[in-house]
Every structure is written in C-alpha cells, then in structure tokens.
Amino acid sequence: MTTVGEFMTTRLVTMDGNDTLTAAAQEMRDRAIGDVIVTDGEDVIGIVTDRDITVRAVAEHMNPDSSQLRQIISHDIVTVSQYDDAVAAADLMRTYGVRRLPVIEEGRLIGLVSLGDLAVEREPQSVLADISADEPNN
C-alpha cells in the first residue's frame, strides 16, 4: 500500500482567512503555486485556488483588495492522514469533486496532496503526471 505521506507536498503556503484576495493572488504568483491553505489561527478552514479567485470573486465583481479569503472558501473541507492509502485519497477526491486534500495529523496541518501528486505517483506516464512534474511556466 502506498500512503499519502510518501508523496504529499510539505512546502505549504498558508494565509489567514482575513487576508485579501489580492494578497493571495500575489502569493500564488510569487511562489508559482495554484492554491493557498486558509487558516484561522492553527485551524485549517479551507483552501483557495487561483480558479476560486477567478470564478467565485472576480466573476461576481468582488473587490479583490477588500474581499477576504474566508468569503470564497468552501467550508466543508475534506482531509486525510499521512498514513491513509493513496487510492483511498484519490477516491475521496473523486467523491467530493476536489483536487487537493490537506494532510492533518493530531489536528495540525502537515502537508497537502493534490490530484497531480497522485498522478505522478500512480500513473507516471499519464499526461497529468507529465504536466504536474514540469516546472511552472508562469
């Protein structure tokens, strides 16, 4: 059994739910990433992706300089443990229609597993794995 901990990302970017959409977009740009984990103190309250900013905020004419991350996150966050089976994590993504799962141990955020991570691990010859393994082009 391959576990989530064997290939999860541990280089996480977290931001407070009160941070602005502009701050998150700049962080994503500067770090060449597509998501930030949103927290309230030590608690993970959601994930915001570049797509969320576009679809949930910009398309709704929200002001990115004053709108907060907590306004656009999905509140029903699905998490996994580093010891969970990778196939089970993929099944969770499919069931809940998500592409990223925070990895939580003893109530603490320790990593993130993405659909791309799973593709690289489980289907290294797939197009998604190829794209996920490449350096960002932004």
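Helices (H or I, at least four residues) and strands (E, at least two) are DSSP runs, numbered from the N terminus. The views show a predicted model, in which local features need pLDDT of at least 70, side-chain atom pairs count only at pLDDT 80 or more, and totals for chains, interfaces and linings use all residues. Residues are numbered from 1 along each chain as its sequence is written, and side-chain values use heavy atoms, with hydrogens and water left out.

**View A. Ala 32 in the loop between helix H1 (21-31) and E2.** The phi of Ala 32 is near 55 degrees, a positive value in a residue other than glycine. Ala 32 is partly exposed, with a relative accessible area of 29%; partly exposed lies between buried (under 20%) and exposed (over 50%), for a 1.4 Å probe and protein chains only.

**View B. Thr 39 in strand E2 (residues 35-40).** Thr 39 is buried, its relative accessible area being 10%. Beyond its neighbours within four places in sequence, Thr 39 is in contact with Thr 14, Met 15, Asp 16, Gly 17, Val 44 and Ile 45, where contact means heavy atoms within 4.5 Å.

**View C. His 61 in the loop between helix H2 (50-57) and H3.** His 61, a residue other than glycine, has a positive phi near 60 degrees. His 61 is exposed, with a relative accessible area of 75%.

**View D. The two sides of helix H3 (residues 86-96).** Ala 86, Ala 89 and Met 93 are the buried residues of H3. They cover an arc of only 55 degrees around the axis, and therefore lie on the same side of H3; the arc is that of the directions from the helix axis to the C-beta atoms. Arg 94 and Thr 95, on the other side of H3, are exposed. Just after H3, Gly 97 has a positive phi of about 65 degrees.
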